[in-house]
Number of protein chains: 2
Amino acid sequence: MLARWGDLARGIGDDAAELDVPPGERLVVSTDSSVEGSHFRRDWLTPEEIGWRATASALSDLAAMAARPLGLVLALCLPDDWRGALDGLADGVGAAARAAGAPIVGGDLVRGSELALTVTVLGSAASPLGRGGARAGDLVCVTGALGGPRCALAAWVRGERPAVSHRARFARPMPRLDEARWLAVHGASAMVDVSDGLAADLGHVAAASGVRIVLDPSRVPRVDGATLADALGGGEEYELALTLPGRATDPGVLDAFMARFALSLTIVGRVLAVDGGRAAHAGASGVVLDAGADAGERVDLPSGHDHFSS
Amino acid sequence: MLARWGDLARGIGDDAAELDVPPGERLVVSTDSSVEGSHFRRDWLTPEEIGWRATASALSDLAAMAARPLGLVLALCLPDDWRGALDGLADGVGAAARAAGAPIVGGDLVRGSELALTVTVLGSAASPLGRGGARAGDLVCVTGALGGPRCALAAWVRGERPAVSHRARFARPMPRLDEARWLAVHGASAMVDVSDGLAADLGHVAAASGVRIVLDPSRVPRVDGATLADALGGGEEYELALTLPGRATDPGVLDAFMARFALSLTIVGRVLAVDGGRAAHAGASGVVLDAGADAGERVDLPSGHDHFSS
C-alpha cells in the first residue's frame with residue numbers, strides 16, 4: 001500500500017505518526033467504519049470505489065465541522081479472499097485522501113473474515129462549526145441534490161442495475177470540505193453532513209440548538225428519479241445541511257457559492273423558536289415538514305438511515 | 001455505552017470531536033484493530049478484557065513515542081450475537097481509557113459478522129521519541145518481564161488453561177505511558193513498545209537508527225515458565241524496549257525508575273556501529289544474540305509475531 005500511495009503516505013514507520021496542529025486552531029477528529037454487508041456489498045462496488053467511499057465518508061465529518069484535513073489513519077481488516085483487491089482498495093483510499101489534501105499518516109492491517117475499513121480523520125479549525133448554533137430566524141440550506149444513494153441502494157436490493165447517476169452518488173461521494181469552510185466564513189451558524197438522511201440530520205441540529213426546523217418539502221432538491229422519501233430519508237449523501245442567518249442568504253452569497261463551487265445551495269426551510277404548543281406539535285425530532293409559511297400540518301418523517309435496520 | 005462511560009465520554013454528539021493540543025507540542029496519532037479470531041478468541045477472554053486489551057494495546061503506541069494521551073476514538077464492529085456483551089466491552093474500554101487519563105471523544109458503532117475494535121489514540125509530546133535515535137555506545141533496556149502472552153496463547157491453542165500470571169499478561173496488558181515519559185526525560189534515545197516481539201522490535205530500532213544491536217539472551221527478563229523463544233519472539237507484550245546513552249544508565253537512574261514505578265528496567269544489550277564486516281554478520285534484522293562482549297556467534301532469531309501466520 002505504501003508503494004501505491006507514494007509521497008501521500010508520510011511518517012509511517014514509527015509506532016505512531018506525528019502531526020502539527022496550526023497554532024490557535026483546535027484538533028478535530030472523527031472515526032468511521034465501512035463494513036462489507038452493512039455498508040456495501042461486494043458485487044455493487046469496485047475495490048477502488050470501496051476505498052474512496054470509506055475515506056470520503058470519514059472526511060465528510062471534517063467538512064461538517066468546517067475543519068481543514070491534516071491527515072488520516074486507516075485500519076483495514078482484510079479477508080483472505082480480498083487480498084487480490086488490496087491495490088484497488090489502496091488506490092481508492094489514496095485518491096480520496098489526495099483529493100482532500102490529507103496525507104495518510106498511519107494504519108493497521110489485520111486479517112479478518114469480513115472486509116472493514118475504519119478511517120480516522122484528523123483536521124483543525126480555529127472555530128469548528130457544530131450543530132448547536134442554529135437560531136430562530138435562520139434559513140436552512142442544503143448543498144447539491146439528494147436521493148441518489150437511496151435510489152441506487154433500492155435498485156441493487158431489487159436485483160437491478162442502478163441508474164449511472166444514482167450509482168455515482170453512492171459509489172463516489174464528494175466530501176464538501178472547501179465548500180464547508182467557505183460557508184463557515186460566510187456566516188453559517190450550524191452545519192451537519194447528510195449521513196443519516198436530511199430529516200434526521202436536521203433533527204440533530206434542532207435538538208443541539210434548542211430550536212424547531214420547518215422544512216418545505218417542495219424545495220428539497222432531488223436528483224432525477226428520486227422521490228421525496230428518497231431525498232428526506234436517504235442516508236450517506238455527504239452533502240452539507242446548514243443554517244444561515246437571514247442576512248447571509250442575500251442573493252449575493254448564494255450566487256457566489258454556486259459560482260465558486262459549481263454546486264447548488266438551496267434554501268429548504270427555516271429555523272423557528274421552540275414554544276410550548278408548537279414544540280409539542282413538532283414531534284420528538286424537532287423537524288416539521290411544512291409547505292407554507294404558517295400552516296404546520298405535520299407529516300410523518302421517514303426515520304433516519306440505520307445500519308442495524310437497513 | 002455513553003451511559004457506562006459517564007464523564008469519561010466527552011464531546012460526543014457533533015460530527016467530530018474537538019481537542020486541544022498543548023501549545024508547543026506535536027500531535028501523535030496511532031490506530032490499532034483487535035479482531036476476533038486474529039487477536040483473540042471468544043472463549044479466551046471476557047468482554048471486559050477484550051475491551052481493555054484493545055484499548056491498552058492502542059495506548060501503548062503512544063507510550064512508545066513518550067506521548068501523553070489526549071483522547072481516543074473507538075470504532076466497534078459488533079455482530080448480533082455479541083450484543084449482550086456490549087456493556088462489558090464498553091466497561092473494558094472505559095477502564096483502560098480512564099487508567100490512562102484518556103477521554104473517549106468519539107466513536108462509530110456498526111454491525112458486522114465479526115467482533116472488531118479499532119481504537120485510534122491521540123496524544124501529544126513536545127519531542128515525540130521515535131525509533132531512529134539509537135547511537136553506538138547506548139545500552140538496550142526493557143521494562144518488565146517477557147514471555148507471558150506467548151505462554152498463554154500456547155496453552156489456549158493446546159486446549160489447556162494458561163497459568164494465571166501468563167493469562168493476566170495477555171488479557172490485561174498495561175500501557176507504560178508514565179514510564180515512557182519518565183524515560184524520555186531521563187535520556188532515552190530511541191524507544192519502541194514490544195508488540196511484534198523483542199527481537200523483531202529491536203530490529204526496527206536498529207534499522208531506523210542505522211546501527212547494530214547485540215542482545216545478551218541470558219539477560220532478557222522472563223516471566224516464570226517462559227522460554228527464551230517466548231521472551232524474544234512473543235508479541236503483544238506492551239512493555240517498552242529502549243536505548244539509553246551509557247551515562248544515563250548509572251545505577252541511580254535504573255534504581256530510581258524501579259523505585260518510582262515498581263517495575264523492573266533491565267539492561268539486555270548494547271548498540272554498536274554498523275561496519276562492513278559486522279553488519280553482514282548481523283543479518284538482515286540488525287539484531288545479534290551474543291552472550292559475550294566480543295564473541296558474536298550468530299543465533300537464528302525467532303521471527304516477529306505475525307497475525308497472518310499465527
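Which strand of chain B pairs with strand 1 of chain A, and in which sense? In this predicted model, the partner is strand 2 of chain B, residues 26-35, and the two strands run antiparallel, joined over 3 bridges. Within this pairing, A:L19 has B:L27 of strand 2 of chain B as its bridge partner.

The size of an interface is often expressed as the accessible area that is lost when the parts come together. For chain A and chain B, the area buried between them is about 4300 Å², and 52% of it lies on carbon and sulfur atoms. Polar contacts between the two chains were counted for residues at pLDDT 80 or more, and they amount to 19 residue pairs. Salt bridges across the interface of chain A and chain B number 6. One of these joins the side chains of A:D15 and B:R131, with an N to O distance of 3.0 Å.

Chain A contains 10 helices and 11 strands. Of its 310 residues, 58% are buried. Among contacts in chain A with a separation of 6 or more, 85% are between residues 24 or more positions apart.

Strand 9 of chain A, residues 240-244, is mostly covered, as 5 of its 5 residues are buried. Side chains in a regular strand alternate between the two faces of the sheet. In strand 9 of chain A, both faces are covered: A:L240, A:L242 and A:L244 are buried on one side, and A:A241 and A:T243 are buried on the other. Strand 9 of chain A pairs in the antiparallel sense with strand 6 of chain A, residues 139-143, over 4 bridges. Strand 7 of chain A also runs antiparallel to strand 9 of chain A, and 4 bridges join the two. A:A241 takes part in both pairings: A:A241 is the bridge partner of A:V142, and A:A241 is likewise the bridge partner of A:V192.

Over all chains, the count of salt bridges comes to 37. Side chains of opposite charge can pair when their charged atoms come close. In chain A, A:R4 forms a salt bridge with A:D91, and the closest N and O atoms are 2.7 Å apart. A:R4 lies in helix 1 (residues 2-5) of chain A and A:D91 in helix 3 (residues 86-100) of chain A, so this pair ties together parts that are 87 residues apart in sequence. A:R4 counts as partly exposed, at 40% relative accessibility, and A:D91 also counts as partly exposed, at 27%.

In chain B, a salt bridge joins B:E160 and B:R158, the closest N and O atoms being 3.0 Å apart. B:E160 is partly exposed, with a relative accessible area of 43%, whereas B:R158 counts as exposed at 54% relative accessibility. A further salt bridge in chain B is formed by the side chains of B:R169 and B:E237, at 2.9 Å from N to O. B:R169 lies in helix 5 (residues 164-171) of chain B, and B:E237 lies in the loop between helix 8 (228-233) and strand 9 (240-244) of chain B, so the pair ties together parts that are 68 residues apart in sequence. Both B:R169 and B:E237 are buried. These two residues belong to a network of salt bridges that links B:R169, B:R176, B:E179, B:E237 and B:E239.

B:W182 lies in helix 6 of chain B, residues 177-185. B:W182 counts as buried because its relative accessibility is 9%, under the 20% cut-off. Apart from its neighbours within four places in sequence, B:W182 is in contact with B:V253, B:A256, B:F257, B:R260 and B:F261.

Definitions and conventions: Residues are numbered from 1 along each chain as its sequence is written. Chains are lettered from A and ligands numbered from 1 in the order in which they are written. This is a predicted model: local features need pLDDT of at least 70, side-chain atom pairs count only at pLDDT 80 or more; totals for chains, interfaces and linings use all residues. Side-chain values use heavy atoms; hydrogens and water are left out. Buried means under 20% relative accessible area, exposed over 50%, partly exposed in between (1.4 Å probe, protein chains only). Contact means heavy atoms within 4.5 Å. Buried area is the accessible area (1.4 Å probe) that two parts lose on being put together, summed over both. A salt bridge is a side-chain nitrogen of Lys or Arg within 4 Å of a carboxyl oxygen of Asp or Glu. A polar contact is a pair of N or O atoms within 3.5 Å; within protein, one must be able to donate a hydrogen and the other to accept it, and residues adjacent in sequence count only if both atoms are side-chain atoms. Two strands pair if DSSP finds at least two bridges between them.
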